2 protein chains.
Amino acid sequence: MTPAQTALLQALTPILGDKGIVTDPALIAPWEVDWRRRFSGHAPAILAPADTGQVQAVLRAATEHRVRLVPQGGNSSMVGGATPPDDGSALILSMRRMNRIRRMDADAGMVVAEAGVILADLHAAAEAEGVRFPLTLGAKGNATVGGLVSTNAGGTQVLRFGTMRGLTLGVEAVLPDGSLHDGLSALKKDNRGYDLGQLLIGAEGTLGIVTAAALRLAPGIARSATAWVGLSDPAAGLTLLRRLQAATDMIESFEIMPAESLAAAVAHLPGARAPLEGTHPWHVLIEAVTGDAQADPTAMLETQLARALEDGVVADAVIAASDSQAEAFWLLRHSLSDAERALGPAVQHDIAVPVDAMPRFMVEAAAACDARFPGTHASGFGHLGDGNIHFHVRAAPGTDRDRFYAEDAATITRFVHDLVMAAGGTISAEHGIGQMKRDELARLSPERVAAIRAIKTALDPHGLFNPGKLVACA
Amino acid sequence: MTPAQTALLQALTPILGDKGIVTDPALIAPWEVDWRRRFSGHAPAILAPADTGQVQAVLRAATEHRVRLVPQGGNSSMVGGATPPDDGSALILSMRRMNRIRRMDADAGMVVAEAGVILADLHAAAEAEGVRFPLTLGAKGNATVGGLVSTNAGGTQVLRFGTMRGLTLGVEAVLPDGSLHDGLSALKKDNRGYDLGQLLIGAEGTLGIVTAAALRLAPGIARSATAWVGLSDPAAGLTLLRRLQAATDMIESFEIMPAESLAAAVAHLPGARAPLEGTHPWHVLIEAVTGDAQADPTAMLETQLARALEDGVVADAVIAASDSQAEAFWLLRHSLSDAERALGPAVQHDIAVPVDAMPRFMVEAAAACDARFPGTHASGFGHLGDGNIHFHVRAAPGTDRDRFYAEDAATITRFVHDLVMAAGGTISAEHGIGQMKRDELARLSPERVAAIRAIKTALDPHGLFNPGKLVACA
């Protein structure tokens with residue numbers, strides 16, 4: 001521990017108390033490694049404030065003593081965004097003790113949740129009031145509100161409800177100087193210059209610490225329907241999506257995958273089987289949901305899919321006959337990553353292009369990748385309706401795992417990212433930049449990064465907040 | 001003209017051509033005064049680039065020669081946001097020549113419009129394609145896309161569609177260093193760190209120049225219905241609004257006004273008459289709109305208003321029987337400001353508080369104001385559904401107009417703003433800060449302004465862009 005860190009802990013002990021400062025290495029260790037074990041670091045202590053006032057005290061003291069802080073929620077970052085640096089220069093600022101739901105107003109469709117509230121707990125709390133918080137994702141049992149806001153998280157319901165940015169009505173945060181940004185009153189109109197709340201959404205904790213957020217709630221689910229569709233190519237998928245969107249506002253998920261991904265998932269999951277008879281090159285999972293008990297998403301899907309079958313837009317389709325069948329469909333979708341990983345080393349890319357450009361991109365980028373790296377195999381699956389897929393490139397059979405990750409992966413990633421940029425896309429759709437994509441962002445968007453760095457330096461002049469993530473500073 | 005300005009014009013002449021540089025004082029004069037004639041200044045020249053490349057050239061040259069620029073669209077700011085300073089130190093950067101609609105995609109619900117496109121022209125272009133751009137406001141014949149984005153403008157349709165921030169899918173802008181921020185591809189998910197587009201929305205041209213925006217379109221209007229309702233107080237108005245919002249998503253406008261405002265408008269407009277017989281303390285104008293030809297907004301309003309009459313929530317109501325009657329209702333609403341102005345000198349405040357707090361605020365703030373400034377008369381009208389009203393304080397009868405504006409107005413405004421802040425509100429709901437509210441913002445929100453100033457200084461280190469607006473810099 002550096003002398004500055006020691007002095008900081010001394011100053012904070014009377015404020016945070018015993019529960020708020022952890023220095024036992026055994027208790028710190030699990031939080032020094034990301035959940036996928038791709039990144040690791042070292043932190044001499046964890047600070048765990050219990051309320052916003054304590055966060056203010058921590059940030060004031062950290063600025064005074066020039067001690068770096070790495071904010072952490074559920075430690076479920078996909079990009080090493082919450083892992084401390086190796087050199088022990090930063091302490092972890094854990095937000096998990098701030099886990100209160102301060103206010104739930106089902107009538108007004110709004111909840112105020114503290115940064116440490118776990119997503120699954122927020123879902124349960126909303127459901128208990130007959131409403132729901134619609135954003136969801138695989139890590140819902142760990143991911144916290146503060147991290148979801150700070151990474152502008154996505155997930156499988158973005159199609160209808162948007163990302164965290166679209167669901168966040170206001171943010172409470174502590175800025176590096178310890179001042180409070182109180183944006184929780186959730187004014188429907190507020191024109192007071194630069195929107196600091198919007199700036200903090202997606203800032204990955206580099207500009208201050210989000211302590212709570214006012215979030216939008218959606219009506220509870222009255223009825224839902226889940227369909228599995230087989231079709232010839234991604235373009236047909238987009239045609240179907242556009243038809244559905246023109247006909248209804250009930251479409252919440254529209255997930256596409258190639259036959260090989262489905263086959264991998266079926267092989268990977270004990271007892272699983274493909275939802276459709278026969279073979280189809282591409283598959284789509286559709287979820288339609290309504291809060292209106294009078295609406296009938298099943299009938300709507302039946303009508304639309306029957307028409308699409310007649311017109312040749314889709315080759316085959318089935319609507320889940322029960323909740324358990326719908327769950328089985330979703331289990332296949334959620335197993336794709338694990339199933340592909342079981343096939344051998346692969347490098348993943350969380351990328352997006354404009355929705356209209358995605359069908360072509362999926363086909364052409366995979367072909368370009370296969371041609372450029374003989375023996376490897378590229379494929380994409382995911383959120384077609386958002387123009388966001390997870391694009392995987394699997395190593396050639398027999399490739400040494402360590403060599404693949406140490407050498408080939410970076411070359412492949414640069415190639416994929418170049419294709420994405422040429423298509424007007426983004427190298428980070430919903431996972432964030434963190435430490436994993438920081439240098440790629442700088443390579444591909446130097447002017448954007450120059451502006452980001454200028455803002456970062458202005459608000460955090462000593463570079464104390466989540467150092468090394470998102471943007472490299474002097 | 002300063003030597004630096006002369007050098008700048010020389011450098012830009014080959015790039016902008018004759019049409020792009022105006023130095024004739026007679027042609028400049030109309031743009032040196034705001035449309036309400038509250039603010040005036042002096043600019044030695046107007047620069048009028050024709051495309052984004054020219055804007056980049058202008059910004060690079062301005063930064064090189066250290067010449068200040070005041071961006072201007074339709075010159076319809078309510079807060080002196082587009083008026084040059086007095087001392088001639090800044091040139092006007094007019095965006096009006098950049099008035100192309102680059103792309104209109106009715107199916108995807110998206111239009112890309114350049115900064116100089118006038119709002120009414122955008123409305124017409126969308127209508128020609130069977131869709132619409134839903135934001136509208138009084139200055140629609142002048143206000144431009146660049147100004148609407150840069151002020152995060154509001155208007156009468158915010159209730160359903162949000163402010164410009166909610167309707168803006170992406171922004172193209174030139175940053176002070178001349179670099180292009182190309183955010184037009186309108187990715188549905190993009191997590192590349194700080195959202196520069198969001199930062200530019202509402203930045204009032206102080207961080208760079210918005211050159212184009214990708215905007216969301218709504219379905220064309222298939223059917224609409226307009227109602228006028230009399231009721232006892234604003235709380236009843238909010239109850240009615242909540243009921244309507246629970247029953248339908250068709251409610252686009254919900255405008256409230258006290259009886260005295262309606263009376264002033266009726267007296268002010270030749271041949272106008274009040275929509276309802278009898279007297280009611282408060283009035284509400286409701287507009288329900290649908291893009292679905294099967295939906296029936298008239299029947300919906302009839303059902304809901306009949307129930308509200310039965311329950312005593314409203315005292316009387318009428319649904320416009322024709323388009324011309326609906327227009328007559330709206331004309332009354334749009335005449336309120338002019339009608340009140342005709343009654344004598346008054347100071348206006350564009351303020352918002354949380355929607356639930358607005359009914360009480362309207363009544364209590366007016367009473368507090370009347371008590372504090374004997375003889376004056378305070379009242380508010382406007383967008384109840386947004387928690388945003390225009391709160392006017394009329395001078396005591398016989399007050400000298402000049403003395404009122406020179407002395408009393410500032411005292412009254414500070415008092416009103418203190419009430420607004422105590423209610424968790426904002427001193428600028430939809431008009432922006434400009435030069436009019438700059439010092440009040442600094443007085444009431446010093447920490448917010450410190451962060452704004454840090455960002456401003458980081459991105460515009462020489463203070464060249466819209467100097468003196470929004471935030472005072474050294």
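At 1% relative accessibility, A:Leu470 counts as buried, where buried means under 20% relative accessible area, exposed over 50% and partly exposed in between, with a 1.4 Å probe and protein chains only. A:Leu470 also has a positive phi of about 70°, although this residue is not a glycine. Its place is in the segment after helix H17 (446-459) of chain A; helices (H or I, at least four residues) and strands (E, at least two) are DSSP runs, numbered from the N terminus. The structure is a predicted model, in which local features need pLDDT of at least 70 and side-chain atom pairs count only at pLDDT 80 or more, whereas totals for chains, interfaces and linings use all residues. Residues are numbered from 1 along each chain as its sequence is written, chains are lettered from A and ligands numbered from 1 in the order in which they are written, and side-chain values use heavy atoms, with hydrogens and water left out.

A positive phi in a residue other than glycine is also found in chain B, where phi of B:Glu204 is near 55°. B:Glu204 is located in the loop between helix H8 (196-200) and S10 of chain B, and counts as buried at 8% relative accessibility.

The relation between the chains was examined next. Chain A is superposed on chain B by a rotation of 180° with 0.0 Å of shift along its axis, at an RMSD of 0.1 Å; the superposition is by least squares on the C-alpha atoms of residues with pLDDT of at least 70 in both copies. The two copies are thus related as by a two-fold rotation axis. The same surface serves both copies, since 100% of the contact residues of chain A recur in chain B. Contact means heavy atoms within 4.5 Å, and 63 residues from chain A and 64 residues from chain B take part. The size of an interface is often given as the accessible area lost when the parts come together. Here the area buried between chain A and chain B is about 5000 Å², of which carbon and sulfur atoms give 58%; buried area is the accessible area (1.4 Å probe) that two parts lose on being put together, summed over both. A:Lys189, A:Arg192 and A:Tyr194 supply 22% of the area that chain A buries against chain B, more than any other three residues.

Within chain B, five strands form an open sheet in the order S5-S6-S10-S8-S9, with antiparallel pairing; two strands pair if DSSP finds at least two bridges between them. Strand S5 (101-105) and strand S9 (180-182) of chain B are the edge strands, each pairing on one side only. From one strand to the next, the twist averages 15°; axes are lines fitted to C-alpha atoms, for helices over the stretch in contact, and angles run from 0 to 180 degrees between N-to-C directions. Strand S6 (residues 110-114) and strand S10 (residues 209-216) of chain B pair in the antiparallel sense over five bridges, and B:Ala113 stands opposite B:Ala213 in S10(B).

Helix H4 (residues 119-128) of chain B packs on this sheet, touching S5, S6 and S10 of chain B, and its direction makes about 35° with that of S5(B). Buried positions in H4(B) are B:Leu119, B:Leu122, B:His123 and B:Ala126. These residues lie on the same side of H4(B) because they cover an arc of only 105° around the axis, the arc being that of the directions from the helix axis to the C-beta atoms. The buried residues of H4(B) pack against S5, S6, strand S7 (131-132), helix H5 (145-150) and S10 of chain B. Just after H4(B), B:Gly130 takes a positive phi of about 80°.

Elsewhere in chain B, B:His349 lies in strand S16 (residues 346-352) and is buried, with a relative accessible area of 2%. Not counting residues up to four places away in sequence, B:His349 touches B:Ile389, B:His390, B:Phe391, B:Val393, B:Ile412, B:Thr413, B:Val416 and B:His417. Leaving aside its neighbours within four places in sequence, B:Thr413 is in contact with B:Val347, B:His349 and B:Glu440.

In chain A, A:Ala378 lies in strand S17 (residues 377-383) and is buried, with a relative accessible area of 3%. Its contacts, leaving aside neighbours within four places in sequence, are with A:Ala366, A:Cys369, A:Asp370, A:Phe391, A:His392 and A:Val393.
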